[in-house]
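Here's a walk through one model, written for someone who likes to know the cut-offs behind each word. Have the viewer open while you read.

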Amino acid sequence: MNIAARNGADIIDGKAFASALRAKVAAGVARLTAEHGITPGLAVVLVGEDPASQVYVRNKGVQTREAGMASFEHKLPAETSEADLLALIERLNADPDVHGILVQLPLPAHMDADAVINAIDPAKDVDGFHISNAGLLATGQKAMVPCTPLGCLMLLRDRLGDLAGLNAVVVGRSNIVGKPMAQLLLGDSCTVTIAHSRTKDLAGLCRGADILVAAVGRPRMIRGDWIRPGATVIDVGINRIEEDGKTRLVGDVDFEGAAAVAGAITPVPGGVGPMTIACLLANTLTACCRANGWPEPDGLAA
Ligand SMILES: Nc1nc2c(c(=O)[nH]1)N[C@@H](CN(C=O)c1ccc(C(=O)N[C@@H](CCC(=O)O)C(=O)O)cc1)CN2
Ligand SMILES: [Mg+2]
């Protein structure tokens with residue numbers, strides 16, 4: 001890896017990578033349909049009317065259909081009871097046309113998100129959030145892997161090749177990004193540190209990172225002078241801020257400052273974000289292949 005200081009990082013084009021991944025998924029789906037007469041199906045459940053979630057769910061439906069898969073959308077009112085949601089999940093678990101199930105997060109506050117996620121059949125858990133999949137990933141076994149960290153791993157492997165021995169710092173400890181990201185990097189033989197809001201000398205820790213993954217949900221928290229020259233920076237943050245009278249989307253990394261020091265960096269938007277839905281489609285195809293005992297197309301799973 002190039003660790004010399006340089007002017008201007010390479011920009012990692014997640015949008016283009018995601019588009020190529022979706023094309024690979026579509027080719028795999030076409031082959032399954034031709035060879036076995038099966039169409040993989042993805043059920044997406046949205047509870048309530050969170051505007052961002054509505055956009056993500058709509059995009060999931062569009063991209064699922066574009067890949068040649070069946071999309072089943074279930075939109076429930078915000079006041080739906082947890083019992084009714086669990087009953088829907090039971091039906092989807094039993095439906096042979098549904099190979100993947102996803103409950104869009106966040107859920108309304110009256111619901112126990114862990115109980116809901118753990119009601120999904122782990123083999124259909126294309127978000128990889130079920131405790132069985134978290135445990136399989138943590139023990140190095142074949143799992144359904146959460147989409148955002150899987151997308152980050154794909155971008156890192158594409159950029160850096162073999163990750164073995166690199167120092168990786170993951171800033172953020174959520175169950176859906178930080179923890180699985182750290183497990184995936186460990187699986188690729190990185191030396192991994194998980195940092196968070198209580199970490200002492202966060203800046204100093206980040207300065208030791210060959211790979212820095214920012215997933216804290218705080219706009220531009222990671223400054224340019226926290227970046228090791230030549231490092232690869234993966235920005236998972238999607239923060240809407242008001243600036244100069246406009247709403248802007250910014251990451252957890254100060255892009256301008258970091259791009260002057262890093263070797264490569266993902267932009268926001270157009271970096272990690274598009275990989276999330278592309279990896280969801282990849283996971284749905286993977287789930288369909290595993291459910292039927294068919295070989296999985298290369299390059300879709302971790
Ligand atoms: N059940 C789940 N809920 C949520 C997940 C998830 O993986 N599973 N992740 C996020 C939301 N999300 C998908 O659900 C998601 C977020 C962002 C993007 C994306 O393409 N972002 C674009 C910018 C889009 C914009 O303008 O807002 C980008 O970064 O370029 C896709 C999917 C939380 N919930
Ligand atoms: Mg809750």
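This is a predicted model: local features need pLDDT of at least 70, side-chain atom pairs count only at pLDDT 80 or more; totals for chains, interfaces and linings use all residues.

What follows goes from the overall fold to single residues.

## Ground rules

Residues are numbered from 1 along each chain as its sequence is written, while chains are lettered from A and ligands numbered from 1 in the order in which they are written.

## The big picture

The protein has ten helices and eleven strands. Both kinds of element are DSSP runs numbered from the N terminus, with helices being H or I over at least four residues and strands being E over at least two. Along the principal axes, the C-alpha atoms fill a box of roughly 55 × 40 × 35 Å. The radius of gyration is 19 Å, which agrees with the value near 19 Å that a compact globule of 302 residues would have. That radius is taken over C-alpha atoms, and the globule rule is 2.2 Å times the number of residues to the power 0.38.

Of the 302 residues, 46% count as buried. Here, buried means 20 or more other C-beta atoms within 10 Å of the residue's own, exposed means 12 or fewer, and partly exposed is in between, with C-beta atoms placed from the backbone. Among contacts between residues at least 6 apart in sequence, 69% join residues at least 24 apart. A contact means that the two C-beta atoms, placed from the backbone, lie within 7 Å.

How many of the residues of β2 (residues 41-47) are buried? Seven of its seven are. Gly41, Ala43, Val45 and Val47 cover one side, Leu42, Val44 and Leu46 the other, and all are buried.

β2 pairs in the parallel sense with β3 (residues 70-76) over seven bridges; pairing takes at least two DSSP bridges between the strands. Valine 45 has histidine 74 as its bridge partner in β3.

## Around ligand 1

Of the 17 residues around ligand 1, Tyr56, Leu105, Pro269, Gly273 and Thr276 come nearest. A residue is near a molecule if its C-beta atom, placed from the backbone, lies within 6 Å of it. β4, α6 (147-160) and α10 each supply at least two residues of the shell, and α10 gives the largest share, four residues.

Glycine 271 sits in the loop between β11 (264-265) and α10 (273-292). Glycine 271 counts as buried because 29 C-beta neighbours lie inside 10 Å. Beyond its neighbours within four places in sequence, glycine 271 touches Ile12, Gly14, Asp235 and Thr266.

## The UniProt sites

An unreviewed UniProt entry places the feature "binding site" at Gly172, Arg173, Ser174 and Ile238; such annotations may be inferred rather than shown by experiment, and the positions follow the numbering used here, with feature names shortened. Arginine 173 is in the loop between β5 (167-171) and α7 (178-187). With 18 C-beta neighbours inside 10 Å, arginine 173 is partly exposed, and its contacts outside four places in sequence are Gly178, Lys179, Ile194 and His196.

Isoleucine 238 lies in the loop between β8 (232-235) and β9 (239-243). It too has 18 other C-beta atoms within 10 Å, so isoleucine 238 is partly exposed. Outside four places in sequence, isoleucine 238 is in contact with Leu249, Val268 and Gly273.

Most residues other than glycine have a negative phi, and most peptide bonds are trans. Leucine 105 and proline 106 are joined by a cis peptide bond, omega about 5°, and the bond from valine 268 to proline 269 is cis, with omega near 0°. Proline 106 is in the loop between β4 and α4 (113-117), and proline 269 in the loop between β11 and α10.

Arginine 220 has a positive phi of about 55° and is buried, with 21 other C-beta atoms within 10 Å. Aspartate 244 has a positive phi of about 50°, but is exposed, with 5 other C-beta atoms within 10 Å.
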